Amino acid sequence: MRSFKQNGRSTANENGDSAINLGRRSLIAGGSLFSAGLAYGAVDSASRVGDLQPDSMLAPGAPFTGYGSPSPHEANVKRTASLPYEAIAPGSGASRTPLERLNGAITPNGLHFTRNHAGTPDIDPAGHRLMIHGLVKRALRFDMAALDRYPMVSRVCFIECSGNSYANGNMFKAAPQWSVGDIHGLVSNAEWTGIPLSTLLEEAGVGAGAAWVLAEGADGAGLTRSIPLSKCMDDAIVALFQNGERLRPEQGYPLRLVLPGYEGSMGIKWLRRLKLLAKPAETREETSKYTDLLSNGRAAQFTFAMGVKSIITRPSPGLKLSAPGYYEITGLAWSGHGRIAKVEISTDSGQSWVEARLDALDQPMALRRFTAAWHWDGEPATLMSRATDERGNVQPWRQQWLELYGAMQAYHCNAIQSWRVERSGEVSNVFV
Ligand SMILES: Nc1nc2c(c(=O)[nH]1)N[C@H]1C(S)=C(S)[C@@H](COP(=O)(O)O)O[C@H]1N2
Ligand SMILES: [Mo]
């Protein structure tokens, strides 16, 4: 009897043939299909193991390496940079994580997206200092050797640029035919290790009237953002490590702020200064930029937590379904407000939905991998995913999102993303 897995239990339908009788729905709830039989070829019982032996077994392999790199066969798995100012400022812009080529929920350090306002500075940790001043009982300055001695914590969380996914918002009339990484790859997920910011602020002593913390980076942009003191005392981390190793230069080496769930631009990299203030500093990055134009003509300031969102990473544009049959739909879901409660998948443009299976790595404000087994019958289909977080926030329809915001709003687009599968198996981006 063939069986398939449903919500963690192995079940079979009445006639025992899950491959044929899946009911009217082609999506299997929580499904991962064991009986699909996607093997490349059957092994002939007459063939001997020796005949199937690869050349790699005939000689010793390469010697050890000091620092490992990906297989040369994966050389096309790269970030893609976009440079709005081109040769005038080649370090300003962003390079995006190739989400369509990755699996699991953790982003490898070499593929973490990078958003730089003035390039990646070259900082020698021996000369780097962090200063805490302003409304404090005593101003403090730390060198890296001192910071290395503090108790550290680790947590997995995403960093997402508030400009991520703008191409699914109102900037384009026609849906751009870009890869999922090029549309949504300004989000990455890592385990960050460092000192709780509260530890350092308590040592400095929060002064009377302090309610905000201005953070500044040691790069050419000198990027500054105001952060509510409550967030700094709650779960903010002054991070030194990323997935177990020292931060990558692009991610803020040797020191950055990690503010779980908050918009990326507040996570100041190459952190050099924290100034406690009574009011926000109203810097450029929180007035002319990183504010949200609403459809009523007003602008919303300080949208800190990133909205609940999900995207299907496979199938997605640029990938082609070779033939009708079984596919695993997979993607990522996250919310700046907490854990992901559920992800629903539709293959009929949102008319019907089935719950996806969520992978085990379940952390608040972190990427969560989801999967759903799908039988593609060869007819055109429109795939969507919709995430709900533990606070009950539901990812909006694209039309709902469009109604909220004014023209050219490039931030905080968490609308449902739709992919269209054509009869040919080609996958394209569509606005629904
Ligand atoms: N000092 C400094 N910090 C910075 C930036 C910067 O340009 N300079 N970019 C910000 C923006 S806009 C984002 S989205 C995140 C990106 O973090 P990442 O490059 O590590 O992915 O860093 C933020 N911190
Ligand atoms: Mo950003």
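The legends below describe close-up views of a predicted model.

View 1. Strand β10 spans residues 187-196. Nine of its ten residues are buried, that is, under 20% relative accessible area, so strand β10 is largely enclosed by the rest of the structure. The two views that follow show the strands with which β10 forms bridges.

**View 2. Pairing of strands β9 and β10.** Strand β9, residues 153-160, runs antiparallel to β10. Eight bridges join β9 to β10. Within this pairing, Glu160 has Val187 of β10 as its bridge partner.

**View 3. Pairing of strands β10 and β13.** Strand β13 comprises residues 237-242 and is antiparallel to β10. The two strands are joined by five bridges.

**View 4. The surroundings of ligand 1.** Ligand 1 is surrounded by 20 residues. The closest of these are Phe113, His117, Asp219, Arg256 and Lys269. Strand β6, residues 114-116, provides the largest share of the shell around the ligand, namely three residues. The space that ligand 1 takes is the largest cavity.

**View 5. Polar contacts of ligand 1.** The backbone is represented by Gly267, a polar backbone atom of which lies 3.0 Å from a nitrogen atom of the ligand. On its own, ligand 1 has 530 Å² of accessible area, and the protein covers 100% of it.

View 6. Strand β20 is formed by residues 325-334. Because nine of these ten residues are buried, the strand is largely enclosed by the rest of the structure. Its bridges to two other strands are presented in the remaining views.

**View 7. Pairing of strands β19 and β20.** Strand β19 covers residues 309-314 and runs antiparallel to β20. Five bridges connect the pair. In this arrangement Ser310 has Ala333 of β20 as its bridge partner.

**View 8. Pairing of strands β20 and β24.** Strand β24, residues 368-376, is joined to β20 by nine bridges. The two strands run antiparallel. Leu332 can be found opposite Arg369 of β24.

How values were computed: Residues are numbered from 1 along each chain as its sequence is written. Chains are lettered from A and ligands numbered from 1 in the order in which they are written. This is a predicted model: local features need pLDDT of at least 70, side-chain atom pairs count only at pLDDT 80 or more; totals for chains, interfaces and linings use all residues. Side-chain values use heavy atoms; hydrogens and water are left out. Buried means under 20% relative accessible area, exposed over 50%, partly exposed in between (1.4 Å probe, protein chains only). Helices (H or I, at least four residues) and strands (E, at least two) are DSSP runs, numbered from the N terminus. Two strands pair if DSSP finds at least two bridges between them. A residue is near a molecule or strand if one of its heavy atoms lies within 4 Å of it. A polar contact is a pair of N or O atoms within 3.5 Å; within protein, one must be able to donate a hydrogen and the other to accept it, and residues adjacent in sequence count only if both atoms are side-chain atoms. Accessible areas come from the Shrake-Rupley method with a 1.4 Å probe; for residues, only the protein chains shown count as cover. On a 1 Å grid over the protein atoms alone, a cavity is a set of points where a 1.4 Å probe fits but cannot get out, and a pocket is an open set with protein on both sides within 12 Å along at least five of seven lines; lining residues have an atom within 4 Å of a point. A molecule sits in a cavity or pocket if more than half of its atoms lie within 2 Å of its grid points.
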